[in-house]
Structures are given as C-alpha cells and as structure tokens.
There are 2 protein chains.
Amino acid sequence: MVAPQKFTEFIEANADRFIDRLGEAIAIPSISGDASRRGDVVKMAHWLEAQLNKYGVKTEKVPLGTQQLEGKTLDLPPAILGRIGDDPKKKTILIYGHFDVQPANKSDGWDTEPFTMHYDKASGKIMGRGSTDDKGPILGWLNVLDAHSTLGLDLPVNLRFCFEGMEESGSEGLDDLIASEAAKKDGWFAGVDAVCISDNYWLNTRTPCLTYGLRGIAYYQIIISGPGSDLHSGIYGGAVYEPMTALIALMGKLVTQDGHILIPGVYDGIATADANELKKYEELDYSIDDLEGAAGGKIANSSERITVLMGRMRNPSLSLHGIEGAFSGVGCKTVIPAHVAGKFSLRLVPPQTPDDITKKVIAYVESEFAKLNTRLNMKVEYMHGGKPWVADIEHWNFEAAKKATEAVYLQTPNYTREGGSIPVTLPFADNLGVNVLLLPMGRADDGAHSTNEKLDVSNFINGSKLLGTYLYEVAEITQTA
Amino acid sequence: MVAPQKFTEFIEANADRFIDRLGEAIAIPSISGDASRRGDVVKMAHWLEAQLNKYGVKTEKVPLGTQQLEGKTLDLPPAILGRIGDDPKKKTILIYGHFDVQPANKSDGWDTEPFTMHYDKASGKIMGRGSTDDKGPILGWLNVLDAHSTLGLDLPVNLRFCFEGMEESGSEGLDDLIASEAAKKDGWFAGVDAVCISDNYWLNTRTPCLTYGLRGIAYYQIIISGPGSDLHSGIYGGAVYEPMTALIALMGKLVTQDGHILIPGVYDGIATADANELKKYEELDYSIDDLEGAAGGKIANSSERITVLMGRMRNPSLSLHGIEGAFSGVGCKTVIPAHVAGKFSLRLVPPQTPDDITKKVIAYVESEFAKLNTRLNMKVEYMHGGKPWVADIEHWNFEAAKKATEAVYLQTPNYTREGGSIPVTLPFADNLGVNVLLLPMGRADDGAHSTNEKLDVSNFINGSKLLGTYLYEVAEITQTA
C-alpha cells in the first residue's frame, strides 16, 4: 500500500462523522426531474461547494442555461467545477459525480423516509435516496479531501472536479460545458491526464470492480398505418390488410430467440474475443445463478457462463420493447388498430455506431416490408442513440485502480463492461482524449433507482479509502513509468 | 303490395307526430352502462310499456335480478314482454328491440345535445342518441301498432314483443329469460313461428338489406413470462430469453398478410361458396371503394370485389389486437417486459365453434412455442367467444321481408352477413328453433355508437312502412303456402 497509513486510519476513525455528513446530503431532496425541487438541487450545489472550499478546493458555479419543465422555464442547476493542486510534476485527475437524485416518496414502498438517512448498524446499511447514487461516492471524495486537509498531507495528484445536478434528467447542459471547457487552452480541464467516474456498481455484492466499457444504443420505431381510424375486427377482419399483422411480421424478423440479430451487416467489424479477453470473462466473479437471481427467473440464454457474460457485456443485442397504438389494456378489445409503432433498440459495441446501424436497420426493414406485399404504409424512425465506449485497461489509470483495490479490499477486481450506458462517459473520453476509468463504490443490489436505495457502510468507508489510495497509486505508477 | 294502402298513407300522414314521439324517447337518457342513469332506463321501460298498452298490447315487466356496477348492487332494468293477437290461423312473429342506449356527452364532439332530438329538415336527418340504435326501430313498431289501432285494422299476424334495457351492456339477464320462457309450455314465446330483429344497418347508404348471418368470435391471449420483473435492456439484453421476442414470434405464426389463418384444421368443414352463394355476393350493392371509404384507407386485401366481400362476411378471419404488459407509451423505454399477453381473436363461421377452435389454437400455439426452444413460460387462454349464425334465406320469413322491401323501396334488398356479432340473435335461434330475420332500419353511416348518431327521416318513415308491410307479406305467403 502506497497510501500513508495515517490516511486510511483517519478514514476509519472518522467513519461516524462521514456517515453523519452523508445524512446531511441525503436530507436535501435534490430531485432534478421535479420542478418544485429545483431549489433543493441548487441548495445541494451550494452545500457541496462549501464543503469543497473548506478543504481548499477552488470552485466555480457554472450556469448551464434554462430548460422547459412541467410547462415552466427553469434555470438549470449550476455545475460545480473545482481544482486543487497545480504541481506540473504531478498527474492531474478529473473527478466526475452528480449531486441530484431520482424522485422518491415513502408511499412508493420505502421502509423509511427516503430523505432521512436511516443507518442500520446491525446490517451495516445506510438507507436513503442518493446514498449510493451518487451522493455516497461524491462524499467519498470529500472524505479524501478532509483527511488530507486535516492531516496536513499533500495530495499525490492534482485534482479537478466536475459535479453536475442534472444527471438523472439527461445531464442537460453538461455536454456543451465539457466540450467548451475542453476546447479552451486554459479551461478547467486543461492538463487533465485521466478521468475517474464513480457512478456505477459492482457486478455482484462481494467483488470490487473496474469498469472499462459501455454498450451504446440505437432506438427505433417501425410505424405502420393504413386505415383512417381504428376499425372493428368483426366488420373489417378478413377484408383489409391490418397494420398489426404487418408490424408483428417485421418485428419477428429482427432477432432470434437466442439473441442473434438478423439485420445484415450488423456484426461487421466486431472483433472476436481473443484468448486474453476470454480470460477476463473466465476470471469474473459472476455466475449464471447470480444473473438469474438478479433477473428473477431461470432465463439465461445459454448454459455457458462465458457466453452469457459476453452476451450481457461485450456483444450487441436487440430487444423488442412494445407497441404504441395497439390495444394494451387488460381484457379484450376487438380492434384493428389503425396506426401502430413497434419499438425496439440495439445495444452497440465498437465499432458499431448509431449512424451506421441506422442505415442497415432502415434498409433491412424496408426490404422486408416490401416482401410482405401489403397496401399499408411503413416508416422506420431512428429515435435516439449513443456510441459504445471501451477503455484501454492496460493504461496506468486502470493499473492504479487495480492496485488500490488489491490494497484496500485484498481482492483482484472484476473487470466489467456495462450493458447499459452512463452517458457522461463518452463526452469526457471524446473531448479530452484521455483514459476514463469507472470506479464504482456501491454493490449490485443497492437499488439505485428503486425504493430502499442503500449503500453498505463498508462500501462507503472502504470506498473512501479506495478513492484516496487510487490517487497514490496513480502517483506511484506514473513516477516509476 | 299486400299491405292496405290506408296503412302506408297513415304512416306518411303522421310522420311529424312519429318524429315528435322519437324525440320523446331520445329525451330519456337510458344509458345502461352508467349507474347514475339506471333510473332513466327504468323510466324508458315504463314509457315504452305505456305506449304498447295504448295500442292494446298486453305487457309484463319482467325483473331480471341485480348486477354489480361501479361498486354498487343495482337492479337490472326490467325486460318488457308483450303480446297482441291470438288467432291460431295467423302466424306469430316475435319482435326484439332494446330501449337502452350508449353513453353520450356533447363534449365528446356532438354538434348538438345528444339527448335533445335535433331534426334537420334540410338534410332529413334526425340526430340524437338512440335515434337509430335502437329507439328508431322500436318506434317503427309502435308506428305500425298506432296505425292499426287508430284505423281499426286487424293485424295480419299475432305479435309477441321482447324489449330489453341492457343490450349496450352485454344483455345481462336476457339469455336466461329467453331460455326459461322458451322452455315454458305457455310462456310468452309459445307458438312463435319466426323472429324479426331490427338492430343492425344497411351495408351502404342506399340499398335496404336483409341480414342472414353473423360471424362468431373466439378471443385469446398468449401469456409469456420468465423474468421476476421488468428488466433493463442494457443490463440483460443479450444474456436472457426475452418474453417479447417469443411472443412476437408466436403472434407472427397465426395469420398471413392477406388473411390466411395458419392454425391447422381451422378451415375444416367450411363449405366453399357454390354458384348460388357467389351470385349473392355478385348482386350486393357494395364496392371496394365503399369498403375503403368506410375504412378510411386503400387497404382492401384483394382487387377482387367478391373476395373482399366474402372475406368480410362469410370467411373466418384472425386479427392481432395488441399486447398487454409491454411498453405502449409515446417515446422510448429501454425495457425488457417481464410478463406480456398478446391478444388476438378469430371471427368464426359455421361449422366453427369456439370449443373446437380453442382446441386447435392451443395445440398449435403450444407446439410452435416448443419449437422456439426458450426457457420462458407460455400459456394460451381462451377469453370469450360466441358461435356463428347463418339463417335459411329461402324461409318464408326472409321471403316476406324481401317482398316488403321491394314493395316499399322498389329495390331488391342486399342479402348480407355481418362480420361482427349481435349477441341476442343466437339465443333466439337456438332456444326457439325458428327462423330469425335481421331487418335493419338504418344506414351504414348512422354512427350507432359514435358522436352525432342519426337516423334519416326517410329510413324512419319508410322503415315503419317496411315493418308493417313485412307482417302482411308473412300472412300472404304463409296462407298461400
């Protein structure tokens, strides 16, 4: 362990105070998606800025413009940018986190008030909205700053901070801020050598992990129309072409039961996993039972553990989400829906891009529709998307995180790729052109967007040690390198 | 014309009074589906009974028990049974109609108050809820009774009446009443020789019609489950079997784009149309343009007029209605739905029955699901159904209606089969074992369940003549027979 012992001892010794501070943060209901709570998001920004300032971090509240929400024009909550350390001999690490949270009401099914921290010592669980997503990780960084400030220790690296208050509402305004700061010669991100984001979760409840990839997404709808309005199936059934019959046929031509995507060219350029990569999956501490336990059913699409894991993490997938415009209620309705839109999306992996995949999807669906030979109208619409991302795990940024994990947890971390997206990752990677590391604090069962969101106290305290230790490992590796 | 000239002259001469009486009936908002209007349905029953009594019809209000509606236990509105004439030398005709109506509010998009009759002399349209469905036809019978009573004319047949106040709410209680009366030796329906129901519509806006068939229905849902709850497509897509993928595959195996049903054995026993039957379709005054105009799109599934007409009237069909449990909203949701139910139904023609078709549907869907080779769970559920019905159009009941139509309208009627159902038809046909004739008064564009429901005054007045003339033709034909 290259981190000073007094740092880790300080974290241990001040655990109760740190938990209380997390309680303070949880008590501010900074829900970005609720217009009536916008003042609380701003209050949370001020609270966080004051904490950073206390430990010598220079900050700026950056206005991000306005948004339309619930029919009102609202100021977006400011981003908090911060810097501490300007030593040209040290590496500079940019830290990202978000101080807004998902909505929560006790009546949703919480056991305790969501905005009053409930720390259950027996189970070691810190319950409350934002405990794990993402106030716990942000406060982990405050704990690291607190330790160094209080102990009079120099930080081993220069730090830059980018904290936002709109992550749970599409990170509105942040992409532009990142792009413009990255473009400035002396912007807040000048000289950043690597990025560390702590806003995802372990793959399970027992093994720390480093996340090096995210799948992208491309979301589509197939719209089919024909009749002027919904028709009665008794009166028209058998005499007309029916939009649902055509839509179901097209949706049935997209993917096989075991997940093979049928769109020609969709797999072009995707590398087969080599022995090295396969080994990463072999080493993962995650079983088919884990996956099926989390999914709530015995539904893994292979009995080969590695196939299932790669299906989830590194291969593209296609899911059918539903149909807009058809009968969707309980019971029976004898309708021929006039205008239906089938929704589906692909999860993308490099080198797939939404642009390229969209061309292939449209060409394929149009050609399959033509074969149906109906007199209906069809249109495929690309609705939204995002590119996939994979980081180089041989980079010192990952190496430092691995060593820090081994030092704090005495475990080799899982190397994971997430099937979903963490939208802020790509703007940092693309605009700054540096390595981005996802270093989660919480566990797979924290329930980030659910009722009874929690953070295990051991994850909070060890996680704080991990973040600090990671900085020392960065300094150590890059000095010897 | 075998009907006395003074009968038809009386109908003409009293048109204004008859229209006013229809206005009285429309003004009673007898909505059977609205608990707060139950008193109005009962009021309508009393109004109708008093009218019948005025012309010498003996009546009984038959209680039909109670129902649960909007959390309350309500008395069902009584059925009105009636009889006039007991001459053993005359035929006895049973008349059915219903005095309840669909809900209506001006705010639904009506041009005028739905429960205030609006008679537009320029266009000849009588607007108002119930004008065509089914108060107009019921009042047509009152007009016939009025004429005979006022003129002192003997009715050419014995009449029995069965009027109900729950047709728009599933005819609750009526099936039992029909069955029990039919079983009684001296019940209200004793001695009935044929039934006449005036509760459907012409195929177009210009040609009267006789309806001799109704398709049956069998409604199903295919339920697929597997995950314990809805899953995130980013996290699980590619690693698990997805219920939607399996459901879409199964729904895609039920019917072709041009309407051919793929369930083995489903066409067993259905007779091919012979030259005689084909001629009936050739003679129908209904074009593909008519159908496409009504459907609001150029979507007929054949360029052969007879094929389209037979698809609508005499062949079975299968429609896909929608999916319960999947994403059905506007926009995007990256969900893997955990529990989905695909709804579809078949329209049946003789000799198909819901029982037999259900066996074939279940066997087929189960075998196709097995082929998918997933680890999901599947269940096919039969939800409701009804048998098809076809009457013998060579029967004197139809012959009389044809002659009456020719006499009143100077046109040969269309002989139609309806694609949908008129549920009360089958209980009469099955329990009484006599010929049932559907003799519509209104036109295809009357908008029975829509806003701005109307009845053309010419249909009301000529329709009243038609009903009376039909009774004379019955007497004429059966005497010579």
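Me: How many residues does the contact take from chain A and from chain B?
Reply: Keep in mind that this is a predicted model. Both chains put residues into the contact, and the count is 74 residues from chain A and 74 residues from chain B.

Me: What is the area buried between chain A and chain B?
Reply: Interface size is often quoted as the accessible area lost when the parts come together. Here carbon and sulfur atoms give 54% of that area. The total buried between chain A and chain B is about 5800 Å².

Me: Which three residues supply more of the area that chain A buries against chain B than any other three?
Reply: Together the three account for 13% of what chain A buries against chain B. They are A:Gln257, A:Ile299 and A:Arg375.

Me: Which side chain meets A:Glu292 in a salt bridge?
Reply: The rule finds two salt bridges across the interface of chain A and chain B. In the one with A:Glu292, the N to O distance is 2.9 Å, and the cut-off is 4 Å. The partner is B:Arg375.

Me: Okay, and polar contacts: how many residue pairs are there between chain A and chain B?
Reply: The count takes pairs with both residues at pLDDT 80 or more. It comes to 45 residue pairs.

Me: Which strand gives the most to the side of chain A that touches chain B?
Reply: By class, that side of chain A has 34 nonpolar, 29 polar and 11 charged residues. The top contributor gives eight residues and spans residues 317-324 of chain A. That's strand β13.

Me: Is B:Ile323 buried or exposed?
Reply: B:Ile323 sits in strand β13 of chain B. Leaving aside neighbours within four places in sequence, its contacts include A:Ile323, A:Phe327 and A:Ser328 from chain A, plus B:Leu247 and B:Met251 from chain B. The relative accessible area of B:Ile323 is 4%, under the 20% cut-off, so B:Ile323 is buried.

Me: And A:Glu368, buried or exposed?
Reply: A:Glu368 lies in helix α11 (residues 354-372) of chain A. Apart from neighbours within four places in sequence, A:Glu368 is in contact with A:Leu250 and A:Lys253. Its relative accessible area is 8%, and the cut-off is under 20%, so A:Glu368 is buried.

Me: Which residues have the most contacts inside the largest nonpolar core?
Reply: That core has 300 residues. For one of the names, B:Tyr470, contacts beyond four places in sequence include B:Ile93, B:Trp141 and B:Leu437. The residues asked for are A:Phe428, A:Tyr470, B:Phe428 and B:Tyr470.

Key
Residues numbered from 1 in each chain as written. Chains lettered and ligands numbered in written order. Predicted model: local features only at pLDDT ≥ 70, side-chain atom pairs only at ≥ 80, totals over all residues. Heavy atoms only, no water. Core = buried A, V, L, I, M, F, W, Y, C linked by side-chain atoms within 4.5 Å. Buried < 20%, exposed > 50% of the residue type's maximum accessible area, 1.4 Å probe, protein only. Contact = heavy atoms within 4.5 Å. Buried area = accessible area lost by both parts, 1.4 Å probe. Polar contact = N/O pair within 3.5 Å; in protein donor to acceptor, adjacent residues only side chain to side chain. Helix = DSSP H or I, 4+ residues; strand = E, 2+ residues; numbered from the N terminus. Nonpolar A, V, L, I, M, F, W, Y, C, P; charged D, E, K, R; others polar.
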